[in-house]
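Subject: Structure handover

Hello,

Here is the structure for you to look over. My notes follow below it.

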Amino acid sequence: MELVVRKNDLLRELQLFQGIVERKNTIPILANVLMEAKGDQVSFLATDLEVGLRSKCAAMVSKNGALTLPAKKFYEIIKSLPETDVRIAEEKGGVKVAADRFDSRMQTLPREDFPTLPESGGSPSAALPRAALKEMVAKTHFAITGEDTRYFLNGALFVLRPDTMSLVATDGHRLALVTVPRDGKATKDADEVRAILPKKTLGELARLLQDGDEDIRYERGENHLFFDVGGRLLISRMIDGQFPAYERVIPKGNDKHVEFERDRLTNAVRRVALLSNERSRAVKILIDRGKVDVTSSSPDLGEATETLTVEYAGGPMQICFNAQYVLDFLSAVSTDVVSLDLKDEVSQAVMKPVGAEAYEYTYVIMPMRV
Amino acid sequence: MVRRILHIDMDAFYASVEQRDDPSLGGRPLAVGGDPNRRGVVAAASYEARAFGVRSAMSMAKAVRLCPTLVIVPPDFARYKSASQAVFSIFREVTPLVEPLSFDEAYLDVTENAWGEVLGTAVAKRLKARIRADIGLTASAGVAPNKFLAKIASGWKKPDGLTVISPERVEPFLQQLPVDALWGVGPVTARKLRARGIARLVDVRSADLQLLRDAVGSLADWLRQLASGVDDRPVVPNREAKSSGSENTYPEDLTDLETIRSEVAEMARHAIAWLVRRQLLARTVTLKVRYGDFTTITRSHTAPPTRDEADLTARAVRLLDKTEARARSVRLIGVSVHNFCGEGDADAAERLPFQGV
């Protein structure tokens with residue numbers, strides 16, 4: 001393999017692979033990116049066997065070929081180079097990476113050791129609007145546990161229906177659900193497609209969605225999902241298992257409704273939480289006619305309170321939350337006003353943005369025992 | 001740095017303690033366990049009995065059929081326990097890094113040791129000699145650079161064996177291992193692997209990872225690691241309990257649902273008493289049922305952490321509804337609790353009321 005590629009083109013792609021390659025280094029080849037040069041482009045592939053990414057960029061290829069390089073080191077080298085052409089050439093037992101007056105030789109691992117990934121069938125089953133997908137991931141990603149023994153909670157449930165798509169995530173204490181409308185009439189969808197996506201997939205998807213505005217082409221394989229994001233293909237395993245019946249924990253009969261200015265509530269919770277119990281991070285919300293007190297106390301530290309003015313005419317009540325769960329929601333939404341709907345101090349509370357148009361966002365929090 | 005890990009396994013532990021304490025039993029086929037007429041089970045068999053095919057966990061009735069001269073001794077756990085403590089106190093003279101696997105089996109990390117021995121082999125020899133001189137029992141030892149190899153090595157030659165896998169001998173050793181030599185690969189998994197052309201451990205290396213995952217699921221990466229002789233698990237002293245429970249084989253099959261229910265409730269209460277002693281809460285309760293025809297099933301239920309007696313007992317009993325205990329006779333019942341957490345973890349951990357999660 002021998003080629004010349006522009007530094008910035010190469011860097012842009014390699015950057016996207018940094019989160020994909022395996023960190024734990026249990027299988028050395030998984031720390032590498034596979035490069036294949038052919039025609040007028042070089043393609044890249046990396047995977048940790050859960051998530052994989054394929055991409056490519058333009059290159060002047062003088063000799064076709066394939067090799068694998070340690071993704072992290074390769075990226076660091078390319079990043080450190082000036083804006084110029086990079087020459088990459090396979091040599092006996094290694095690869096030469098050179099640019100300008102810089103010259104280096106890196107160890108490769110055999111191309112044959114690189115795992116094969118499932119291929120997409122090439123016929124996407126649906127087009128997903130990029131902006132909506134981006135919103136969905138940003139508003140649910142943080143609620144995935146990542147480390148739960150109930151492994152199906154280590155991902156978010158993706159539900160695709162002809163007219164809507166939803167993403168649901170929960171760590172067992174709170175649940176985030178986003179539903180956005182879509183125009184799925186022209187596709188070959190079944191009525192409803194469900195798949196649990198690993199937390200890492202969503203993180204990488206969010207990264208790919210950042211730039212560009214075209215729709216995402218989505219395809220479901222036997223055990224994998226494929227997301228084609230502007231020519232880059234994210235390949236993700238689906239998590240086996242039954243996602244819990246999330247509809248059932250979303251309460252319907254919460255009759256106490258309070259609306260807050262988002263900034264004010266955010267600041268109050270953030271300040272008051274500074275003196276909350278360090279382990280539980282509990283803040284208490286005391287609701288009464290026309291006002292809400294956000295309070296905290298810690299046996300070791302002291303106590304704090306902040307009063308917010310609200311429109312509320314019902315009877316007094318109080319409820320206790322983990323401050324972090326509330327703040328996670330508040331920083332995921334962008335509307336000026338948010339609502340809190342309660343039943344009593346032990347039942348699930350629901351928070352929603354008020355005035356969001358393009359999507360429906362429901363955030364359910366389990367209160368703490370006071 | 002290359003570690004020196006020992007796996008020490010006492011030879012036919014319960015049976016050897018019996019033979020040690022009663023010289024008239026020496027050299028005779030012996031099984032420790034329950035009465036064959038009351039459906040007892042073999043808890044341990046002496047090497048003389050093993051020659052007849054007697055194995056632990058076998059029904060005593062079958063053991064007697066295989067070996068009509070079998071001497072049956074009821075278990076005396078108090079004596080085994082004191083012998084076990086004596087063995088472990090010798091282990092702890094050498095290193096604090098002793099990880100018990102059971103009464104009669106442990107890993108030791110002797111990379112650094114109080115005896116100042118450079119070679120793991122020398123430590124193993126001295127340990128075996130001490131166990132013989134002080135306690136009057138024999139042990140088999142495996143010496144290797146990691147836990148999984150040490151464990152395979154100790155089983156290589158028994159009884160009174162000593163097998164050493166030095167770093168340079170790891171590769172030839174791996175080459176000769178069948179895939180089911182591995183911890184975690186039982187007969188079912190081994191069959192699946194063989195069906196995919198993976199018979200030797202080293203075949204795992206070149207096997208397609210996807211294929212491997214289809215066969216053994218999440219075990220695939222672990223197998224790959226072991227196949228290349230890599231096992232970085234440290235020796236962890238005083239491993240914390242991950243579950244607690246009890247089970248009982250009944251002298252006669254139980255058919256009356258009320259009796260079965262009260263047995264389950266009783267065992268659940270035992271498990272709860274253990275939680276109270278340990279100041280722990282459990283999320284999961286598991287019921288194990290073996291039917292009259294020996295088929296065995298387990299059913300579990302997970303809910304917010306608790307040690308509430310009414311709650312856990314009721315959940316254990318309700319699990320019976322997911323069995324065929326009504327229609328089939330029951331030979332064995334077991335109840336256990338898992339997924340522990342401390343009290344402090346629980347009060348902050350209010351959970352959404354998902355069903356059956």
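Which residues does F74(A) touch, not counting residues up to four places away in sequence? They are L10(A), L14(A), V33(A), M35(A), L69(A), I88(A), V97(A) and M106(A). Contact here means heavy atoms within 4.5 Å.

Some ground rules. This is a predicted model, in which local features need pLDDT of at least 70 and side-chain atom pairs count only at pLDDT 80 or more, while totals for chains, interfaces and linings use all residues. Residues are numbered from 1 along each chain as its sequence is written, chains are lettered from A and ligands numbered from 1 in the order in which they are written, and side-chain values use heavy atoms, with hydrogens and water left out.

Cores

F74(A) belongs to the largest nonpolar core, which has 101 residues. Along with I88(A), L128(A) and F227(A), F74(A) is among those with the most contacts inside it. The largest share of this core, 7 residues, comes from helix α6 (residues 323–332) of chain A. Apart from it lies another core of 44 residues, including L49(A), A144(B), V216(B) and L223(B). A nonpolar core is a set of buried Ala, Val, Leu, Ile, Met, Phe, Trp, Tyr and Cys residues joined through side-chain atoms within 4.5 Å. Buried means under 20% relative accessible area, exposed over 50%, partly exposed in between (1.4 Å probe, protein chains only).

Aromatic pairs

There are 14 aromatic pairs over all chains. Rings of Phe, Tyr and Trp (its six-membered ring) pair if their centres lie within 6.5 Å; planes under 30 degrees apart are stacked, over 60 edge-to-face, and the rest tilted. F17(A) and F44(A) form a tilted pair, 6.1 Å centre to centre with 50° between the planes. This pair links distant parts of the chain: F17(A) is in helix α1 (residues 7–17) of chain A, F44(A) in strand β3 (residues 41–47) of chain A, 27 residues apart. Both F17(A) and F44(A) are buried.

F88(B) and F91(B) pair edge-to-face, at 5.3 Å and 70°. They are 3 residues apart in helix α4 (residues 77–94) of chain B, so about one helical turn separates them. Both F88(B) and F91(B) are buried. Elsewhere, ring pairs link F13(B), Y14(B), F77(B), Y80(B) and F103(B) into a cluster.

Helices (H or I, at least four residues) and strands (E, at least two) are DSSP runs, numbered from the N terminus.

Chain B

Chain B has 14 helices and 12 strands. Of its 357 residues, 47% are buried. Among contacts with a separation of 6 or more, 62% join residues 24 or more positions apart.

Helix α6 (residues 147–154) of chain B is largely enclosed by the rest of the structure, because 7 of its 8 residues are buried. The buried residues are K147(B), F148(B), L149(B), A150(B), I152(B), A153(B) and S154(B).

Now take R132(B), in helix α5 (residues 120–135) of chain B. Leaving aside neighbours within four places in sequence, R132(B) is in contact with L137(B), T138(B) and D160(B). The C-alpha atoms of R132(B) and V87(B) are separated by 9.9 Å, with the two residues 45 apart along the chain.

Best wishes
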